[in-house]
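Morning, everyone. I'll take this one quickly: a helix pair, then charges, then the surface. Please have a look at the screen.

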Amino acid sequence: MEENLTLDSKVKKKKMTKRRKKELIFIVVLLAYPLAQFLLTWIFVNSYSLILAFQRISLEGTATFAWFDNFEYVIKRLVNPELGAVVLKNGTKIPYNLMILINSLGFGAITIFISLPLALIASYFLNKKMPLANVFRFIFFLPNIISIVALVYAFKMQLDSNAGLIYHFLASFGVNINDSIWPNTTLIVFVYCIWAGIGYNVLLLSGAIGRVPQELFESAQMDGAGNFTQFTKIMIPMIWPTIVTLIVLGLTNILTLYLQPVLFGYDYTETIAGSIFEGVSSGLENQYPRFAAFGLLFSFVFAPMILWVRKVVSKKYSDTEC
């Protein structure tokens with residue numbers, strides 16, 4: 001009897017071992033590609049950028065150690081208009097790197113404080129089964145399935161001074177798009193990003209709202225709660241994790257957004273990522289260390305800030321569960 005039990009336990013153990021091996025092989029195969037991609041496209045590239053930020057490259061292509069000279073140059077261009085500046089209408093000079101920083105912060109700000117609130121309001125009323133709700137949902141969805149190149153072209157057509165609706169809208173606020181000056185050119189790209197970005201937020205928020213039990217809204221309505229109370233006391237707390245995700249994505253725009261300004265092609269719309277993209281595209285290898293230091297400096301500043309904001313805002317409504 002004992003021999004049979006021992007034999008059965010050995011067979012079971014052998015089966016468990018084989019099963020475990022198959023699971024490990026599956027996990028290794030599943031993770032092999034993303035890990036290889038992470039190592040090659042992130043670790044390798046960023047390690048080289050880190051080294052490059054502390055180098056100086058001569059016109060002949062010879063690299064030497066430069067200590068913190070590149071960072072010092074970036075900071076000087078951030079505060080000293082004599083090293084490169086944008087001249088405003090009133091003659092005021094804004095250091096060029098400071099303009100780039102303001103542009104980048106602006107893209108993060110409009111995403112969080114304009115696009116996100118508008119998307120929250122739109123998602124709430126779409127969830128209320130308002131008339132033509134599906135039509136509006138489709139309209140919001142359109143910018144996400146159309147090429148960004150086509151979207152920018154369609155938007156620029158509305159900037160025509162004769163028949164462009166957006167031209168007259170901006171002109172009513174005193175923004176003349178024919179003046180290739182800062183910040184007018186940047187404001188145009190801001191308006192585009194608000195218009196094109198709401199749909200993406202609406203899609204994510206609508207999915208989150210759809211998981212909230214409708215009984216909560218019905219119960220609040222029976223208790224006399226209006227739309228504003230339902231919006232602020234029920235919907236926002238219940239979908240707060242999704243809102244936190246969108247806030248973090250909005251903050252990462254400070255460091256990553258570049259394609260929209262590049263496609264518009266206007267002067268003085270550069271962002272942190274956009275200026276690095278254009279600098280590398282220029283092919284001037286002796287300037288690469290300065291652009292590497294430029295990106296690294298702002299990454300060291302904003303990456304911890306983004307993580308800190310995420311930690312702080314995540315605590316709000318942390319006890320609410322959907």
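Start with helix 7, residues 184-210, and helix 10, residues 240-256. Their axes come within 10 Å and cross at roughly 160°. This is a predicted model, by the way. Angles over 145 degrees count as roughly antiparallel, so that is what helix 7 and helix 10 are to each other. The crossing of these two helices is right-handed.

Now the charges. How many salt bridges does a search of the whole structure find? Two.

One joins the side chains of D69 and R56, at 2.5 Å from N to O. This pair links distant parts of the chain. D69 sits in helix 2, residues 69-79, and R56 in strand 1, residues 55-57. They are 13 residues apart. D69 is partly exposed, at 37% relative accessible area. R56 is partly exposed too, at 41%.

The other bridge pairs K76 with E72, at 3.3 Å, N to O. Both residues lie in helix 2. They are four residues apart, about one turn of the helix. K76 is partly exposed, with 41% relative accessibility. For E72 the value is 41%, again partly exposed.

Last, the surface. There is a nonpolar patch of about 680 Å². Its residues are V135, F136, F138, I139, F141, I145, I146 and L203. Which helix gives the most to this patch? Helix 4, residues 133-141, with five residues. I146 is partly exposed, with a relative accessible area of 38%.

Conventions:
Residues numbered from 1 in each chain as written. Predicted model: local features only at pLDDT ≥ 70, side-chain atom pairs only at ≥ 80, totals over all residues. Heavy atoms only, no water. Patch = residues over 30% accessible without salt bridge, like charges linked within 9 Å, V, L, I, M, F, W, Y side chains within 5 Å. Areas by Shrake-Rupley, 256 points an atom, 1.4 Å probe, with all protein chains shown as cover. Salt bridge = Lys/Arg side-chain N within 4 Å of Asp/Glu carboxyl O. Buried < 20%, exposed > 50% of the residue type's maximum accessible area, 1.4 Å probe, protein only. Axes fitted to C-alpha atoms, helices over the stretch in contact; angles between N-to-C directions. Parallel < 35°, antiparallel > 145°, perpendicular 65-115°, else oblique. Left-handed = near helix turned anticlockwise from the far one by under 90°.
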